Amino acid sequence: MNPRTRALREFVWAANLELADSGLVTGTFGNVSGADRDADLFAIKPSGVPYAELTPDHMVLVSLETGEVARGDLRPSSDTPTHHELYRAFPCGGIAHTHSEFATTLAQARLPIRCMGTTHADHFRGDVPVTRGMTEAEVAGEYERNTGLVIVEAFAEAGVSPDEVAAVLVANHGPFTWGADAHEAVARSEMLELLARMECTIRAIAPDALRPAPHLIDRHFLRKHGKDAYYGQE
């Protein structure tokens, strides 16, 4: 096997195990993918295979250009067309999808995760949006591909940067996150679930809570992200 594709499969396999260990998935729910854009491929978890049984060889390689399986003996995740559309639209290197409890609760309620403080702003520069509901034709047709398209639509219509808010709630479905690679996408899924739990609590105990000023949100996001970031070590 090509050492490059072997390395991609091993990296994405490890990220899927990390997702399973995070407690954000139940059974065979959820999936992680990772891209090698120079090789025009992404690797993704196979459909319905328990995490405990996964090996690197189970990871399915998919063409970034066509979305078709390029190599692998198993069927890729049913969410593969969604991942493909996100890779086509967003400059990311890894994508994670879960059905984590609190983020999925808000997705099913069609409520965004509002940016209510600095913990949120350290990771996302504003609200995590929720998509519109999908039409009957979209669900009856290429459902998973259309899921990706409504995510892209939500960001375009709201003028939200997928680099600054690297997460979304799909209405009545669940969350997707993305990052520079598969492991960063998983880390963002973990943070998203914490923020979703906090958002549910805020909505319960203080439904009229005041939102932070934009300058506070910007300061906390930009001290960790971008060319002028100064948080942490060089």
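Predicted model: local features only at pLDDT ≥ 70, side-chain atom pairs only at ≥ 80, totals over all residues.

Colleague: What is phi of Arg-110 near?

Modeller: Near 60°. That is a positive value in a residue other than glycine.

Colleague: And why does Arg-110 count as partly exposed?

Modeller: Its relative accessibility is 45%.

Colleague: Next, Asn-172. Which loop is Asn-172 in?

Modeller: The one between β6 (167-170) and β7 (174-179). Asn-172 is not a glycine, yet its phi is positive, about 65°.

Colleague: What is the relative accessibility of Asn-172?

Modeller: 42%, so Asn-172 counts as partly exposed.

Colleague: Switching to helices. At what angle do α2 and α6 pack?

Modeller: About 35°. Helix α2 covers residues 80-89 and helix α6 covers 143-158. Their axes are 6 Å apart.

Colleague: Is that crossing of α2 and α6 left-handed or right-handed?

Modeller: Right-handed.

Colleague: Which residues make the contact?

Modeller: From α2, they are Pro-81, Thr-82, Glu-85, Leu-86 and Ala-89. Helix α6 brings Glu-144, Arg-145, Thr-147, Gly-148, Leu-149, Ile-151 and Val-152.

Colleague: How many of the residues in the contact of α2 with α6 are nonpolar, polar and charged?

Modeller: Six are nonpolar, three are polar and three are charged.

Note on methods. Residues numbered from 1 in each chain as written. Heavy atoms only, no water. Axes fitted to C-alpha atoms, helices over the stretch in contact; angles between N-to-C directions. Helix = DSSP H or I, 4+ residues; strand = E, 2+ residues; numbered from the N terminus. Left-handed = near helix turned anticlockwise from the far one by under 90°. Contact = heavy atoms within 4.5 Å. Nonpolar A, V, L, I, M, F, W, Y, C, P; charged D, E, K, R; others polar. Buried < 20%, exposed > 50% of the residue type's maximum accessible area, 1.4 Å probe, protein only.
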